[in-house]
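I opened this model to look up a few local features. My notes follow in the order in which I took them.

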Amino acid sequence: MLTVDFDRLGVGPGTKAIDIGAGQGRHSFEMFRRGADVIAFDMSESDMADVAEMFDAMTAEGHVPASAKARAEVGDALRLPYADNSFDVVLMSEILEHIPTDEGAISEMVRVLKPGGVAAVTVPRYWPEKVCWALSDEYHEVEGGHVRIYKASELAGKLRTAGLEVTGTDHAHALHAPYWWLKCAVGVENNDNPLVKGYHQLLVWDMMSKPWLTRVGEQVLNPIIGKSVALYLRKPETAASS
């Protein structure tokens, strides 16, 4: 389940990319499949061990071009261990809402992005997220949970202040918003609720089968109730190194 459109980012063979806050690696795997030189970066040692194992499996099974490279590294998004202007593409998907000092993480993202390079940042969309917070404290008041709700205009302002140009905005995962509203209404950990179980089965079927009806339906609904908002960005060629 991808939140980012990698065609818009031009990811392909030879692209040097980093996925900051990679989690379980879904976006890193897609960039690897496209032939990029990818770093999956996250503070979770266990997640990065699993991602590294999947990278090895993808290589062994011939699912990536021979020139593609990938590795998983553990670290802090506020102190990236890379030189200025290191990457053609930088991704931060569903991570900034977890970081109290989000400006610091944005600054680091901009620092390691090459002038002329592109980036994508995704966060939960404002009003679907507000519904979740209204229905359940448990949804966000957990260790490592969401510390803020972004308006797209607010996030775009922070990214512009950090030195990036906003080149586009999109929404994704409309079918997932009602699922999370259900979970928040009945209890986030109550996975045995019949409505939650039934909806989850629908989402799994949709992801595996990709039927025409739900694909078109989600495209129609994304601008209305898409759970995530994605901002596409570019670092100006004249940007000075941090």
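I started at helix α9, which spans residues 212-225 and contains Val220. The model is predicted, and I read what follows with that in mind. I checked the accessibility of Val220: it counts as exposed because its relative accessibility is 53%, and the cut-off for exposed is over 50%. Val220 belongs to a nonpolar patch with Trp212, Leu213, Val216, Leu221 and Ile224. Together these residues have about 620 Å² of accessible area.

Next entry: cysteines. How many disulfides does the structure hold? I found zero. A disulfide needs the two sulfur atoms within 2.5 Å.

Next entry: aromatic rings. I counted eight aromatic pairs. I took Tyr82 and Phe87 as one example: their ring centres are 5.4 Å apart and their planes stand at 85 degrees, so I logged the pair as edge-to-face. The cut-off for that label is over 60 degrees. Tyr82 and Phe87 are both buried.

I then turned to Tyr139 and Trp180. Their centres are 5.8 Å apart with the planes at 65 degrees, so this pair is edge-to-face too. Where do the two residues of this pair lie? Tyr139 sits in the loop between α5 (126-135) and α6 (152-161), and Trp180 sits in helix α7 (residues 176-186), so the contact ties together parts that are 41 residues apart in sequence. I checked their accessibility separately. Tyr139 is buried, with a relative accessible area of 11%, whereas Trp180 is partly exposed, at 26%. I also noted that Tyr139 and Trp180 form one aromatic cluster with Tyr179 and Tyr199.

Last entry: the annotation. In an unreviewed entry, UniProt places the feature "domain: Methyltransferase type" at residues 18-120. I looked at that span in the model and found it to be 34% helix and 29% strand. The C-alpha atoms at its ends lie 11 Å apart.

Note on methods:
Residues are numbered from 1 along each chain as its sequence is written. This is a predicted model: local features need pLDDT of at least 70, side-chain atom pairs count only at pLDDT 80 or more; totals for chains, interfaces and linings use all residues. Side-chain values use heavy atoms; hydrogens and water are left out. UniProt positions are given in the numbering used here, feature names are shortened, and annotations may be inferred rather than shown by experiment. Helices (H or I, at least four residues) and strands (E, at least two) are DSSP runs, numbered from the N terminus. Patches are made of residues with over 30% relative accessible area and no salt bridge: like charges are joined within 9 Å, nonpolar side chains (Val, Leu, Ile, Met, Phe, Trp, Tyr) within 5 Å. Accessible areas come from the Shrake-Rupley method with a 1.4 Å probe; for residues, only the protein chains shown count as cover. A salt bridge is a side-chain nitrogen of Lys or Arg within 4 Å of a carboxyl oxygen of Asp or Glu. Buried means under 20% relative accessible area, exposed over 50%, partly exposed in between (1.4 Å probe, protein chains only). Rings of Phe, Tyr and Trp (its six-membered ring) pair if their centres lie within 6.5 Å; planes under 30 degrees apart count as stacked, over 60 as edge-to-face and the rest as tilted.
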